[in-house]
Every structure is written in C-alpha cells, then in structure tokens.
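I set down here what I looked up in this structure, in the order in which I consulted it.

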Amino acid sequence: MVAYAAVAYLLFLVVFLYSIGWVEGLVVPRDINEGPAASTAAAIVIDLILLSIFAVQHSVMARPAFKRVWTRIVPEPIERSTYVLAATAALALIMWLWRPLPAEVWHVSATPARIVLYAISLAGWALVLISTFAIDHFELFGLRQVLHHVRAQPGPDPNFRTPALYRTVRHPLYLGFVIAFWAAPTMTAGRLLFAAVTTGYILIAIRFEEHDLVGVFGERYRTYRQQVPMLVPHPHRGRVHPVGR
C-alpha cells in the first residue's frame, strides 16, 4: 500500500509540475498552444470533452456517497491515493489530446508588463501549493491515510480548522488556480477556453464541497461561510477566529 500511495503521489507531482509549464508556455516541449491541428469547431468540442472528463472525475469521486460505494471495491486506506491517480490520469489526458486554438485574444508586448503577469501567474501556482500545506498536504494526497493503516493507527476524525490563508478566503487553493489561469501575458483562444471552463467548474465544485462540509461540521461551517469570503478577500470580512486541532 505504501508503494502504491507513493507512486500515485510521485506521478501526480510530475504531471502537476508539467501542467504548470503547459499552461504557462515555459520549459516543457509542448504547451497549451501547441499540438495536433484541428478545425476550430472540432478543437472546441474535443477540448470541452477533455475538460468535462476531468470535471466529472473530480466531482463524482469526491462525493461521500460515491466513496461509500467505492470503498467496497478499493481498500479505504488507498481510496484517496486512487482518487489522486485518477485525477492525474485525467489531467495527463487533457495535455496529451488537447487541440490548440492559437488565435490571440490579447497580447502584452511590453517586457516589464509580461514579467509582472508571469510573476502573478506563478504566484497563483505557489498559492495552490502553499494552501495544500496549510491544511495537510500529505493527507490531501493520500499518503497519511496509508501510513496510519500500516502503523495500525486510527485515522483522525474530521476536524474543522481555519489556518492562515483560510481566515482570508475560504478556498485559497482554488483562488490560486484562478490567478494562475487568468494572469496571462498572451491569452490565446485555447487558454481562454481552458481558463473559462475551469473557473466555471471551480465555482460549481465549491458549491458541492461546501454542501459536504456543512453536512460534516454543521453550524460551525455555516458561521465560517458567513464570516469569510469565498475567493475574493474583503476588508470587512475574514475575521473568523482560528479553530485549533
């Protein structure tokens, strides 16, 4: 089980790092604006199908009802690692089969402005990573569950916390993705499609996720939701008291 969880995590890490270069057009051999040619209509249909596969996988496999059925097939300690593996495969599929739409929507030509936009976008990716560690990076990606099982330790009960970033916005991880996708020095039609659809998915996913969180934490999460904004920091909100372990 440890090897399975470790491989799933390492595969995710490689594909995730590659996806940063793929979106940003940096380092990797083929980015979001490169790939097999297709007509505009065909490219849009193919890309939407790929994004839909990713969205359905993420949403369905994350739901408690699915987990209850799924863990009758997959051992519970590796349920999260299996989710991570499936998400990694869905992300890799997008990058492998993506059809580019290279027409430029906007292009910032001034070098200082381009550098600033790249820096903002990369800061968004950094926010994603930092947000995972602000909660529990290794539990989020399934490693901690396997270690608890191997050591014959009971897994921790669900515990509502609001560490650092989570006192400013409820979903800093999703905010990081939105920043990374939209802060583009050159926005092509393909990247715009990717950014628009993933942002729409994020907004829908938040509704499902928060419904589940209310189901687990009840009034505590409802109060938190009233006090802290969802994605955009607000000076008159975000004053929730930290909740410890």
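I began with residues 115–135, where the chain is 100% helix and 0% strand, with the end C-alpha atoms 31 Å apart. Helices here are DSSP runs of H or I of at least four residues, strands are runs of E of at least two, and both are numbered from the N terminus.

I noted the basis of the work: this is a predicted model, in which local features need pLDDT of at least 70 and side-chain atom pairs count only at pLDDT 80 or more, while totals for chains, interfaces and linings use all residues. Residues are numbered from 1 along each chain as its sequence is written, and side-chain values use heavy atoms, with hydrogens and water left out.

I next looked up the salt bridges (a side-chain nitrogen of Lys or Arg within 4 Å of a carboxyl oxygen of Asp or Glu). The structure holds 5 of them. One joins Glu 24 to Arg 191, with the closest N and O atoms 3.9 Å apart. Glu 24 lies in helix α1 and Arg 191 in helix α9, so this pair ties together parts 167 residues apart in sequence. Both residues are buried, where buried means under 20% relative accessible area, exposed over 50% and partly exposed in between (1.4 Å probe, protein chains only).

I then turned to Arg 144 and Asp 136, whose side chains meet in a salt bridge at 2.9 Å, N to O. Arg 144 is partly exposed at 32% relative accessible area, whereas Asp 136, at 15%, counts as buried.
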